[in-house]
Amino acid sequence: MPVSSEDVNKISKLAKLKFSEDEKKKLQNDMSRIIDYMDKINELDLSNVEPLENINETENVFRDDKKKETISREEALKNAPSKTDIFFKVPKVIKK
Amino acid sequence: MQKNILEKYQPVIGLELHVQVNSESKIFCSCPSEFDAEPNTYVCPVCLGHPGTLPVLNKLPVELCIKTGLAMDCKINTKTAFARKNYFYPDLPKGYQITQYESPLCSDGYTEIYSKDIPLKKIRIKRIHLEEDAGKSIHDLSESETFLDFNRCGIPLIEIVTEPDLNSPEEVSLFLHKVKQTLEYLEVSDCNMEQGSLRCDVNISVKLKNGNTTGTKTEIKNLNSFKNINDAIDSEIKRQTGIIENGGKISFNTLNYDVKEKITVPLRSKEAENDYRYFSEPDLVYLNISDAQIEELKNSLPESSEEKILRFKKEYSLNDYESEILTGDKNIAEYFERTVNNIKIKNYASFKLAGNWIINEVLAILNEKNISIRNFKISPESLAKLLNPLIEEKISRTTAKEIFSSMPAEPGKFSDIEAIILEKDLLQVSDKTEIEEIIKKVLDENPNELLLLKSGKVKIMNFLTGEIMKKLKGKANPKIVTELFNKFIKK
């Protein structure tokens, strides 16, 4: 299988997600199938094809540099599970 | 730094600069991009990373990024795209930063540095691209929690990446000053390091001077003052050469600089282990900048500092030193030119006088008070009002300095400097009979000094002229005093 169990562990760690051993097996299987399919596509000779970074063919969508205040601080903080009157709060991220 | 170590090793340094762009609104939403607002007041569902929101690109940062590239002789890449840089950190609510990866807006440029100790040197610019800033974490308000302010989240940044062409802390400092000056001239950023609008990551390794293998590099993150950058580089060179001298090996490290201890501290390798899994940003379309737009931006570039120096030399007949000082800061150059515009007698002598007055008097006050010229209370128009009577020899330099030194305290009073001069009886005494009388009086009062002078003690002359000027309350035209004084002695 092209995706190892270490790969699954690494990816779940990067995604900050926890899985049971059974789920990990299933993920390893699914991801391996995706990679296999990509390998199939890689069989095509694409040396003369420009890489496509975006599937949208529109270009240059801009807005002018104009400021606008949209929501109040109260609204901004409304859905936060942990907050003060003015700040969002998270568990301490720096250990001294 | 120990000299023998510096003789043996050469540091190899590359920089990554993050510059906050002068824009009214953020890069992907219309929230105000201001520095000093109340926490979490300039935020919206887009910059807070709420599901279902979409970014819309602000045109101004794109133009400013291209202008920066043009000023640094970069290739402007017409077709570029944005990418997602994925990592989890609380100050990044979306879980990814929108940046440019495969295709930066500008690449392969250079900027030149030189000083009296460092000969002209090209520092290659690898790339300049656009990205968004993250929020601010506040760690010291609580023991157990980190507080977050997302006002900064989404403020447009320009990232400038150099090739490892810098070889000493002095070169780094020169380069940073040059870049800062360029960005200020272009009005891309105010480059205020204290407010974090210019931040710097330093990549550094050392190699033996006579060898060609470069050592393993380390990266010092988030330095935000010229002094810290200089000290951090010094300390890191010491740390690396120390390890190598003792037979050790440098491991690739991300470091923080501890300002209090003045040492670079490696982050735990776990924290430094990055895997950003870049992929193209599906919510934003391609940027496709036409040659005509690039040409237009090129034509809109303001005069560079180099061009200004040349023009100041030609137009105002200033020397190298004067031109360089007066153009060092764009705002000082503007102050000088506005002063000159208000000078009545327009000739090289008066331009030089105005320039030197700004260099010697105005800049001295700015340095002493540690303020920028924008916060200087005397307007160029008021300064010209003071310099006009000096140029016309109506007042002496001493008098002008006296008025000038009292100006900052009473700015409103100097709408009519000429009235003050009359009111306080400050007009320069050019009346020869009056001056002659005083000279005679001083010589009569100091017969011994006069004898000494006549016997060849030339230094006593300063004392005697000082006495004369004192009696004339500094109002005399020194040229006339010296002239008459010499006539007296020869008698």
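**A helix pair and its surroundings**

Mentor: In this predicted model, the axes of α3(B) and α4(B) come within 10 Å and cross at roughly 155°. An angle over 145 degrees counts as roughly antiparallel, so α3(B) and α4(B) are roughly antiparallel to each other. The crossing of α3(B) past α4(B) is right-handed.

Now look for empty space. Rolling a probe the size of a water molecule over the atoms shows where such space is left. Counting cavities of 30 Å³ or more gives 1. The largest cavity has a volume of about 40 Å³. Which helices supply at least two residues each of its lining? They are α3 (169-185) and α4 (226-245) of chain B. The lining of the largest cavity consists of P169(B), V172(B), S173(B), L176(B), F226(B), I229(B), N230(B) and I233(B). By class, 6 of the lining residues are nonpolar and 2 are polar. No charged residue takes part in the lining.

Next, the other helix packing. Two packed helices are described by the angle between their axes and the distance between the axes. Take helix α12 of chain B, residues 397-406. Helix α11 of chain B, residues 380-391, packs with α12(B) at an angle of about 165°, their axes 10 Å apart. That angle makes α11(B) roughly antiparallel to α12(B). The crossing of α11(B) past α12(B) is right-handed.

Helix α10 of chain B, residues 348-369, also meets α12(B). The axes of α10(B) and α12(B) come within 12 Å and cross at roughly 40°. That makes α10(B) oblique to α12(B). Here too the hand can be given: α10(B) passes α12(B) in a right-handed crossing.

Turn to the sheets. One open sheet of chain B has 9 strands, in the order β3-β7-β8-β11-β1-β12-β13-β14-β15. Its pairing is mixed. At its edges stand β3 (75-76) and β15 (263-266) of chain B. Each has a single partner strand, so one side of each is left without a neighbour in the sheet.

β3(B) pairs with strand β7 of chain B, residues 106-113, in the antiparallel sense over 2 bridges. I76(B) has C106(B) in β7(B) as its bridge partner.

Move along the order to strand β12 of chain B, residues 198-208. It pairs with strand β13 of chain B, residues 218-223, over 4 bridges in the antiparallel sense. There, I204(B) has T218(B) in β13(B) as its bridge partner. On to strand β14 of chain B, residues 254-258. β13(B) and β14(B) pair in the parallel sense over 2 bridges. The bridge partner of E219(B) in β14(B) is T254(B).

Strand β5 of chain B, residues 83-86, is joined to β16(B) by 2 bridges, and the two run antiparallel. A83(B) stands opposite S280(B) in β16(B).

Note on methods
Residues are numbered from 1 along each chain as its sequence is written. Chains are lettered from A and ligands numbered from 1 in the order in which they are written. This is a predicted model: local features need pLDDT of at least 70, side-chain atom pairs count only at pLDDT 80 or more; totals for chains, interfaces and linings use all residues. Side-chain values use heavy atoms; hydrogens and water are left out. On a 1 Å grid over the protein atoms alone, a cavity is a set of points where a 1.4 Å probe fits but cannot get out, and a pocket is an open set with protein on both sides within 12 Å along at least five of seven lines; lining residues have an atom within 4 Å of a point. Grid points are joined across faces, edges and corners, and a volume is the space filled by probe spheres set on the points. Ala, Val, Leu, Ile, Met, Phe, Trp, Tyr, Cys and Pro count as nonpolar, Asp, Glu, Lys and Arg as charged, and the others, Gly among them, as polar. Two strands pair if DSSP finds at least two bridges between them. Axes are lines fitted to C-alpha atoms, for helices over the stretch in contact, and angles run from 0 to 180 degrees between N-to-C directions. Angles under 35 degrees count as roughly parallel, over 145 as roughly antiparallel, 65 to 115 as roughly perpendicular and the rest as oblique. A crossing is left-handed if the near helix is turned anticlockwise from the far one by less than a right angle, and right-handed if clockwise.
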